[in-house]
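Thanks for coming, everyone. I have one structure to walk through, and I will keep it brisk. Please look at the model first.

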Amino acid sequence: MKEDSPSNSLVPVSDSKSILKSELLSLLKTYNCYHEGRSFQLRHREEEGALIIEGLLNIAWGLRRPIRLQMQDDREPTHLPSSLWLPARPSCPPKEAPPQDCRVDAQEPSAQAIQQAAGSRDSSGTPEEDEEVPQLMRTKSDASCMIQRRPKRHAPGEAQLIRRHRFSINGHFYNHKTSVFTPAYGSVTNVRVNSTMTTLQVLTLLLNKFRVEDGPGEFALYVVHESGERTKLKDCEYPLISRILHGPCEKIVKIFLMEADLGEEVPYDVAQYIKFEMPVLDSFVEKLKEEEEREIIKLTMKFQALRLTMLERLAQLVEAE
């Protein structure tokens, strides 16, 4: 097969690493077989000879410090009308003011109901679209009288939830009292990305999805293995390709979002000892000390033998003179 064959073309993993397209497609096939029948299967296409893979990427929260959610959306706010004409009970007279006992207050969707609906959508793992929450109004009837609904004041957080849908971080929506919080460690969210998006772009997309006020430069993505090995994804790497290369099983490998200044890499040589109990680790240390003592004795004996040989040789040279 020729070297310029499409199957032998390279796909960049980072600015210094690449992988054969055929090998990546083979790994992608395994990845999709693992997620068969689920929304986490990845699609691929080619544009101008370049392979592009796209789909949902799971990212786990691994923050130690609290984050702050934005109070306002980046979009222009939608103005809510202070009052709407709605149908009332048919028993009211058509031309007279309705008596006090037949007034009906129009019900507005509560912030809690909106939170539950959006929270269930976020936790289902299905692709999420940034859509407005519809305002549910009463349907028209044969009523002969119309009344004006009473305006209802909302807290800033509740009004924001009603006029525009916000994605929740594991059920936590913006609240002016609890807008600063730390997501539960290990809880998982997802974003729709493609294989051309770098680590910095994925971070920006994730933070914009939940309208996190902190900038992407304050965070980093880490590949965390079940053994405890932890490797930081560089800004020039592509998280979706890295996910494919590490396999589909998240019990073995997960991608974590962590603070850039608190996260640290853990090499394999260190990670293999992390999950051992202290008595086992103490026994390892004792064995290493014993081995160190044996090496010290060997080196000391070797030095003494060489020193003795050199002294004997010096004595021979002196006698020869």
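One definition before anything else. Buried means under 20% relative accessible area, exposed means over 50%, and partly exposed is what lies in between. Take R230: its relative accessible area is 14%, so it is buried. One caution as well: what you see is a predicted model.

Stay with R230 for a moment. It sits in strand β11, residues 230-232. What does R230 contact, leaving aside its neighbours within four places in sequence? The list is R64, Y222, V223, V224, M258, E264, E265 and V266.

Now the overall picture. The protein has 321 residues, and 35% of them count as buried. There are seven helices and twelve strands. Next, the contacts between residues at least 6 apart in sequence. Of these, 74% join residues at least 24 apart.

On to the helices. Helix α1 covers residues 21-34, which is 14 residues. From first C-alpha to last it reaches 20 Å, close to the 20 Å expected at 1.5 Å a residue. Which residues of α1 are buried? They are K21, L24, L28, Y31 and N32. These cover an arc of only 90° around the axis, which puts them on the same side of α1. And what does that buried set pack against? The partners are β1 (10-12), β2 (18-20), β3 (43-47), β4 (50-61) and α5 (239-245).

Helix α4 is next, residues 199-210. Its twelve residues should span 16 Å at 1.5 Å a residue, and the end C-alpha atoms are 17 Å apart, which agrees. Its buried residues are T199, V202, L203, L206, L207, K209 and F210. Seen down the axis of α4, they fall within an arc of 155°, so they line one face of the helix.

For context, most residues other than glycine have a negative phi. R211 belongs to the loop between α4 and β10 (219-225). Is R211 buried or exposed? Its relative accessibility is 7%, so it counts as buried.

There is another positive phi to look at. E48 has a phi near 55°, and it too is a residue other than glycine. You will find E48 in the loop between β3 and β4. Its relative accessible area is 88%, so E48 is exposed.

Now charges. Side chains of opposite charge can pair when their charged atoms come close. How many salt bridges does a search of the whole structure find? Six.

Start with E54 and R43, whose side chains meet at 3.9 Å, N to O. E54 lies in strand β4 and R43 in strand β3, so this pair ties together parts that are eleven residues apart in sequence. E54 is partly exposed, at 25% relative accessible area. R43, at 55%, counts as exposed.

E54 also forms a salt bridge with R45, at 3.1 Å, N to O. R45 counts as partly exposed, with 32% relative accessibility.

Then there is D261 with R65, a salt bridge at 2.9 Å, N to O. This pair links distant parts of the chain, 196 residues apart. D261 is in the loop between β12 (253-259) and α6 (268-271), and R65 is in the loop between β4 and β5 (67-68). D261 counts as exposed, at 54% relative accessibility. R65 is partly exposed, at 37%. As for networks, salt bridges that share partners join R43, R45, E47 and E54 into one.

Last stop, the surface. L311, L314 and L317 form a nonpolar patch there. Together they have about 270 Å² of accessible area. L314 is part of helix α7, residues 278-320. Why does L314 count as exposed? Because its relative accessible area is 51%, and exposed means over 50%.

First, buried R230 in its strand. Second, the network of R43, R45, E47 and E54. Third, the leucine patch on the surface. That is my walk-through.

Methods. Residues numbered from 1 in each chain as written. Predicted model: local features only at pLDDT ≥ 70, side-chain atom pairs only at ≥ 80, totals over all residues. Heavy atoms only, no water. Patch = residues over 30% accessible without salt bridge, like charges linked within 9 Å, V, L, I, M, F, W, Y side chains within 5 Å. Areas by Shrake-Rupley, 256 points an atom, 1.4 Å probe, with all protein chains shown as cover. Salt bridge = Lys/Arg side-chain N within 4 Å of Asp/Glu carboxyl O. Helix = DSSP H or I, 4+ residues; strand = E, 2+ residues; numbered from the N terminus. Buried < 20%, exposed > 50% of the residue type's maximum accessible area, 1.4 Å probe, protein only. Contact = heavy atoms within 4.5 Å. Expected span 1.5 Å × (residues − 1). Arc of directions from axis to C-beta.
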